[in-house]
Amino acid sequence: MTNRNLVIIGGGPAGLAAAKAAYDCGERDIIILEREPELGGILNQCIHNGFGLHTFKEELTGPEYAARYIEQVEQRGIEYRLNATVIDINKDKQVTYVSEKDGLVTIQAKAVILACGCRERPRGAINIAGMRGAGVFSAGTAQKLVNIQGYLPGKEVVILGSGDIGLIMARRMTFEGAKVKAVVELMPYSSGLNRNIVQCLNDFDIPLYFSHTVTQIQGKDRVTGVVVAQVNDKLQPIKETEQLIPCDTLLLSVGLLPENELAKNAEVQLSTTTGGAVVDENLMTSVEGIFQCGNVLHVHDLVDFVSAESENAGKCAVEYIRGGQICKDKLTINCTNGVRYCVPTVLNKDEVYASQSFKMRVANVFKKVELAVFADGVKVYGKKRPVVAPGEMENITLSADIMKVLKNAQSVEITLIKGDAK
Ligand SMILES: Cc1cc2nc3c(=O)[nH]c(=O)nc-3n(C[C@H](O)[C@H](O)[C@H](O)COP(=O)(O)OP(=O)(O)OC[C@H]3O[C@@H](n4cnc5c(N)ncnc54)[C@H](O)[C@@H]3O)c2cc1C
């Protein structure tokens, strides 16, 4: 077994930013373990632009954004292993990976950062009836086929789910000569960014059907069509509204699942809402010395926020390695009245706080609301928002003074005031 101060699992934007920040805080004994043959994570297949507006004040493609961080990691001489899949980690921070070059290796780490990203929900998770012909892909798989391997997975396409990956693939398939017949969304709103609806659907006259779903996939050897139906307010399909859309391909963009199998092995407490870890303001999980950041923690809309959060995780991991205080007295933040979750989820009561930002998502589209924070039932912060939606991550920053109040409270709540669901 070898020893390392800091092991980072995942060489996507989260892992790269964490490594860079840890190095800049003075830590030199760092290794990044990445299972793919290249660093960069999911960004390598996102060849569209729209990345980096916050971080670099420029509109970059995914590979360009990744390249900037890869360059910074390489300039610093931070060590990384490619084709190295981590297969286990335990609560004592022993990380086991396997690679063709090194074989099976176990590293005893002082701190571990989990930056493993997400995977897509597959067809099996949503139980669509029908045949099992070829032509059903997750949107991310189709993106890899088109952008990296140079294959067009189909010519007449229906997309189920209006998250960002589905929206981006609607435009991408159109660019490549396919006809996207419809994007079908179960909910009465999109879970993707508004800018993607405008730029990827409206600009190409691709219809978006809210409150609809696919009830059946037809076609024995290859998909020949899908049956689409409107759903009622209990999200049940309305039989009389069923219509057949002939197509040869169905792309599924029906949610992302944080890659948390390793976290479970290490007995990290997971949130039932996000599927990511429950973390404190240092991004430390319930297991001392194991940190989490990026999409494995909660699904971010913009990679810039992934980088900022992960830099923080890198800094906090270094503080921990150097013997930073471990607080035992923690307070869980309650999210209520339309706020689905917030990160961080718990606060260390003994910590001396500077200002602190909280990321959160809401459960529905609400207009003219106030995002408010209460300590022991007293409002200590409010931020007016004309509209909030599940697809856009919300952010509030609380001053050091407010954080002092929260630290001394028995209960803290983040909530929406005067929210009217659309
Ligand atoms: C289709 C699509 C379009 C997007 N469009 C935009 C956009 O326009 N603008 C924007 O700002 N953001 C966009 N994003 C979001 C952005 O790409 C993500 O937020 C970001 O990539 C998340 O970074 P991450 O490092 O957490 O995860 P990832 O990029 O997924 O990286 C995780 C890495 O961990 C590795 N890994 C996982 N498990 C293991 C293991 N056991 N052992 C070793 N390595 C492991 C994976 O191989 C991967 O490289 C988009 C995302 C997608 C999927």
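I started with alanine 115, which sits in the loop between β8 (103-114) and β9 (118-120). Helices (H or I, at least four residues) and strands (E, at least two) are DSSP runs, numbered from the N terminus. I am working on a predicted model, where local features need pLDDT of at least 70, side-chain atom pairs count only at pLDDT 80 or more, and totals for chains, interfaces and linings use all residues. Residues are numbered from 1 along each chain as its sequence is written.

Why does alanine 115 count as buried? I found 33 C-beta neighbours inside 10 Å; the cut-off for buried is 20 or more other C-beta atoms within 10 Å, with C-beta atoms placed from the backbone.

I looked up contacts next (C-beta atoms, placed from the backbone, within 7 Å). Leaving aside neighbours within four places in sequence, the partners of alanine 115 include Ile8, Ala18, Cys293 and Val296. The C-alpha atoms of alanine 115 and valine 296 are 6.2 Å apart, though 181 residues separate them along the chain.

Alanine 18 has contacts of its own: not counting residues up to four places away, Ile113, Ser310 and Gly314 are among them.

**Ligand shell**

I counted 37 residues around the ligand, with Gly10, Gly12, Gly41, Gly117 and Gly294 the closest; the shell cut-off is a C-beta atom, placed from the backbone, within 6 Å. Domain 1 (1-119 + 256-326) and domain 2 (122-254) both contribute to this shell, so the ligand lies between them. I note that the domain bounds come from an automatic or database assignment.

Definitions and conventions:
Contact = placed C-beta atoms within 7 Å. Buried ≥ 20, exposed ≤ 12 C-beta atoms within 10 Å, placed from the backbone.
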